[in-house]
Structure formats: C-alpha cells, structure tokens
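This report describes the fold, the chain contacts and selected residues of the structure shown below.

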Amino acid sequence: MTEENAKVEELGFEAALEELEGIVAELEGGQVELDRMLERFERAMALRRHCAALLSAAETKIQQLVDEEGTTEPFAAGDTDADQA
Amino acid sequence: MSEPGARPRMALTVSELTAYVKRLLDRDEVLSQVTVRGELSNFTRHRSGHLYFSLKDDASQLSCVCFRGDAARLGFEPEHGQQVIAHGNVSVYEARGQYQLIVRAMMPDGEGALAAQIARLRAKLEAEGLFEAARKRALPRFPRRIALVTSPTGAAVRDLVSVIARRFPPAELVVVPTVVQGEEAPASIVRSLHLAASVVGADLIIAGRGGGSLEDLWAFYDERVVRAVFAAPVPVISAVGHETDLCLCDEVADLRAPTPSAAGELAVPDVAELRARLDRLGERAAGALAQRLGLGRSRLEAMCARPLLCRPTTMLESPWQRLDEAGVRAVRAMDLAAERLASRLSAAALTLRAFDPRLTRRLSFVDRQRARVEGAASRSRIAIVRRLERGGARLDAVGWRVTAAVDRQLGRHRGKIDSAAASLRALDPARVVERGWALVFRDRDQRLVRSVDEVAPDDGIHVSVADGEIAARVTGTRSETQDDD
C-alpha cells in the first residue's frame, strides 16, 4: 500500500494489479471503516479500469534497435525471408 | 638391472608399481580429457547405479566405468552393441591393475564429430555449474520491455511478435538485429545479448531462431554464447526451434521453449485470463462492499425504528405532560391554600367583631393581612406560570435541536449508502441478466457456477434469467479451455 496516493493512470500494469489485489483483500478482511471502505472501493474500481485499459491498448509498441547507443525505430514486421527460418 | 635377482632390494611391490603407473596416467594431459568412439559391450548396471562396460573396435577393447552421478545425466539408455562417443579421463583401477576410462559424458554416435564436441563442452560447462537449476532466475510476471535477440527478417521474430502482441499488448518489444547462423553468428548473439541488457533496458530477453539442422543451430552450442546467456543480468528464454536434442543455450537459459511461438506463450500472460481475473477482483470488491453496506443499512434501519429517532419529539412529550400537571397542581393548591386562609381570616374577623367591639380596629389589621395573603397568592401564581413558561420554551428548543441533529445524521448515512449503491448498481449482475445473459447457480450451495469443474453430472442447478429461474440438472460437462486465447 505504499503507492496508495500514486495516480492510478501513472501505474504500470503489475503495480496496479498488485494494488488492486491488496485492496480487495483489505475490503474482504472487513476491518475497514465504512467511509474509508467507499474510498478504497472507488480506487479499486479505478485500478481495475486502468488495468483493463492497459490490456486493451490498441497495439503493442514494437521497435528495432538501430545502433549501440540504444536508438530505435519502429519495427517493420512483414518483410521476412523464407531462408532465414 | 639385466641380471634377474641380482639386486633384490630394487624390487618394487605390486602396489608401488601400480601406483606409479596410475600417477603417470593421471598426470597425462591427453588422457585427462579424452573422447573415444567405439561399440558398447559387456554392459552392466550395478546395484549402486554405476555402469561397467567395455568399448571396443575391430582390434581392441577398453574397460570403462561411469559412476552413478554421471550415469544419471547421460540422457539415453546405453545398450550392448551400440556405437557411442564417450568422454572422460583414463586412470588405473589399482585392485586389478587395469587401466580404464572413467566416463563423464557419453552420447550415441552417429551425429559425428560435432556431437563429440558438444558432449565435451557440455561436460565442462556442467562441471562449472552453468546448468544448475538453483541459479535459474524467475521471469517477470508482467514484462515491460522484452528484447528479441534474433534475426529481424526471420520467421522466429514474426512468431514472437504476433504471439506476444496478441497475448499481452502492454509489453514493449525491441528487436535486437542478430545474425543467428554462420561464422559471425556467435559473436553477433553475444553482442546482442549485451545490448539487450545494457542499452535496451529489457527486463526479459528471448534469444532464438527457427528450427534447422545441427549445423544451422551451431551458434547456440557455442561456448561464448552459452557463457553470455549465463552472464546476462536479466532472465533469458532460449527459443531455438528443434525437434530432438536440447542445445547448450537451452540448458543454460533461465527457461527454454521448444519454438519461438512457445517462447512467446511462456514469456507473457494471456490477456483473456487477466481480464477474467480483473472481473473476479471487481466482483469480490463489490461483494465485500455490498455485504458491509447491507450490515450498515440494517443497523441504520434498526436505529430508525426506535421511537426516539422515528418521532424525536416523543421524548419531550412526557416532560411536557409532567410540567403541565405540576403547573395545574401548584396553581390549584395555591388557590386552595389562599381560599382557606382567607376564609379563616374572615371567620376570625366575624368572631372578633362579635366578641369585642374594641377589637374592631384590629379588624383593619386582619383585612390588611387578608389583602397581603391574597396579593402574595396572586404573585406566586404569576411566578409559577412564568417558570412553567420558561421550562416549556427550553423543552421546545431542545426538541428542535434534537430533531435537526437526527435529520442531519440520517441524511448523511443515506447519502453514503446511496452513493455506494450507485457504484454497486454499475456492477449489478441483475442488469447483465436483463440484457439476456443468464447466471447459473448450484442448488447445493447456491454458488455461481463459473467453470465446468464446479459441477458434476446429475448436480441440480438453477438458471437465473431476467424474469425468473429455470430449474435444471447437469447431464454432462465439456471443457473448452485449451484455446489459445
């Protein structure tokens, strides 16, 4: 729960999913005040939406490394040689 | 020395001679790392797990032993008459004065010199601990950036990209162009592995290529490549397509996949499974909240049902009544007392007048007394009425404050419950059902059925649809979870 105040939109998938799992366990534990419970529930729903949005991201970013400095360019799949197996 | 028996003190014991020969052989560089090809014969597997056999060719025989630990790692079942390539060191079995090959690794012959070379390298790297299971690293659960160390134009990269992009879109992929075949391949793979970890910043590396002959895949048996995989600072999946043997790169990698597509499957979780998991988490959160709100609501209702809260003025009714009664009684008592006093005074006055005219002047005193009594009575009466009025006003003020506080409190709780209820409505299964979906429950415990594993034939179930329930019985189940997606 250390990232409790982090903006949901800025969380990576793993961090968001882990926080969501933590909140659900917390809510199910039944030790939370009602006021706080509503607040946690809203955050859980936001995390769930965020995770779902990340999963629905239109396309995976695919780059190709072009030099030893770490420069990349979009990877053009498709032109594959049959002989390169 | 040529004269037998002439110098008996020079004679060695058998043990001394044998030990001398053994030292000679053990020190020999060629004999300490030797690879031999031959036919297996006299093969025996001893109870202890050690293997005893001979290797022979047309003209010679060689005694061999393979100790239990090495025997367990052979990877094939040796048979009498089989052509094999064995690798190990030559030493002397002192008890019999027999030299023998201590076999560390062995493989069926037929793949030629390459196979022997691989066996030798495998034995060496294994001895260094490169293949130990204990040093293999866990893969990240949700990789953020995956480096694909492979040819940018091969089928392997196409398979990897399509499988990973389909299963887990949030992962970023960086293709590190690599030569995976031919003379330059080992150096290219080593360089790419280095770049993947250093400049690409990947948290997972997949290195591989499609299938091919042993010669095609040779780079993945190269010692430099194996060591580079071992030294990589992030986990490496080896994805070399091949049908039979494991290449050395597979054995050193943190995880091996039989093909590039399989590597994609192993590298990232499946989006459909994750969505289902998110749904379950959402349902659990809503369930926990609903349960808690139900509890809160029934407590609130119980509280509202108590007279104090449903009619807050009730508690003031009885004080009012008591106040009224007290007022009435006080006034009545005072009137009575005043009357009694007045009539006693009048009677006294009459009596006095009748007895003694001299006392007549005292009558005025009596009259004054009577007037004072009456005056006092009426003043007390006014004071009592005032006090009663003040008490009433205080009670009214208290009543008004109590009513307002109760209303505020009830309003706050209703607001909270309403907003939570609105959140819940968004997840309400009933709304899903209205759109034509159905929910299936087990009769036995009323639990929602999510998987074929949760019911068995003949189980009673009921199907909840928008306008009611359908009772049913399971006649059979069929799993469809083997899908890719």
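## Overall organisation of chain B

Residues 24 or more positions apart account for 62% of the contacts in chain B with a separation of 6 or more, two residues being in contact if their C-beta atoms, placed from the backbone, lie within 7 Å. The model is predicted: local features need pLDDT of at least 70, side-chain atom pairs count only at pLDDT 80 or more, and totals for chains, interfaces and linings use all residues. Residues are numbered from 1 along each chain as its sequence is written, while chains are lettered from A and ligands numbered from 1 in the order in which they are written.

Chain B contains 14 helices and 13 strands; helices (H or I, at least four residues) and strands (E, at least two) are DSSP runs, numbered from the N terminus. Of its 485 residues, 24% count as buried. A residue is buried if 20 or more other C-beta atoms lie within 10 Å of its own, exposed if 12 or fewer, and partly exposed in between, with C-beta atoms placed from the backbone.

An open sheet of seven strands includes strands from chain A and chain B, in the order E2(A)-E1(A)-E7(B)-E6(B)-E8(B)-E9(B)-E10(B), and its pairing is mixed. Two strands pair if DSSP finds at least two bridges between them. The edges are strand E2 (72-74) of chain A and strand E10 (255-257) of chain B, each of which pairs on one side only. From one strand to the next, the twist averages 25°; axes are lines fitted to C-alpha atoms, for helices over the stretch in contact, and angles run from 0 to 180 degrees between N-to-C directions.

Strand E1 (residues 62-65) of chain A pairs with E7(B) in the parallel sense over three bridges, and Gln63(A) has Val174(B) as its bridge partner in E7(B). Strand E9 (residues 236-240) of chain B is likewise parallel to E10(B), with three bridges. Here Leu255(B) in E10(B) is the bridge partner of Ile237(B).

## The barrel of chain B

Five strands of chain B close into a barrel in the order E1-E2-E3-E5-E4, with mixed pairing. Neighbouring strands of this sheet are turned by 55° against each other on average, direction ignored. Strand E2 (residues 51-56) and strand E3 (residues 61-66) of chain B run antiparallel and are joined by six bridges; Ser54(B) has Ser63(B) as its bridge partner in E3(B).

Helix H1 (residues 14-27) of chain B lies across strand E4 (83-93) and strand E5 (98-108) of chain B, running at about 135° to E4(B).

## Contact between the chains

In the interface, 43 residues of chain B are in contact with 41 residues of chain A. The elements giving two or more residues to the chain B side are helix H5 (155-167), strand E7 (172-177), helix H10 (271-305) and helix H13 (360-425). H10(B) provides the largest share, twelve residues. By class, this side has 25 nonpolar, nine polar and nine charged residues, where Ala, Val, Leu, Ile, Met, Phe, Trp, Tyr, Cys and Pro count as nonpolar, Asp, Glu, Lys and Arg as charged, and the others, Gly among them, as polar.

## Nonpolar cores

A nonpolar core is a set of buried Ala, Val, Leu, Ile, Met, Phe, Trp, Tyr and Cys residues joined through C-beta atoms within 7 Å. The largest has 73 residues, of which Leu148(B), Ile205(B), Ile206(B) and Val229(B) touch the most other members. H5(B) gives the most to this core, with seven residues. The core lies between domain 1 (12-127) and domain 2 (133-269) of chain B, because both give residues to it; the domain bounds come from an automatic or database domain assignment.

Not counting residues up to four places away in sequence, Val229(B) touches Leu193(B), Ala207(B), Val236(B), Cys249(B), Val252(B) and Ala253(B).

## Individual residues

Most residues other than glycine have a negative phi. Asn42(B), in strand E1 (residues 34-45) of chain B, has a positive phi near 50°. Asn42(B) counts as partly exposed because it has 13 C-beta neighbours inside 10 Å. Asp458(B) also has a positive phi, near 80°, and is found in the loop between strand E11 (439-442) and strand E12 (460-465) of chain B. With 9 C-beta neighbours inside 10 Å, Asp458(B) counts as exposed.

Gly201(B) is in the loop between helix H6 (185-198) and strand E8 (204-209) of chain B. Gly201(B) and Arg145(B) are 56 residues apart in sequence, and 7.4 Å apart in space from C-alpha to C-alpha.
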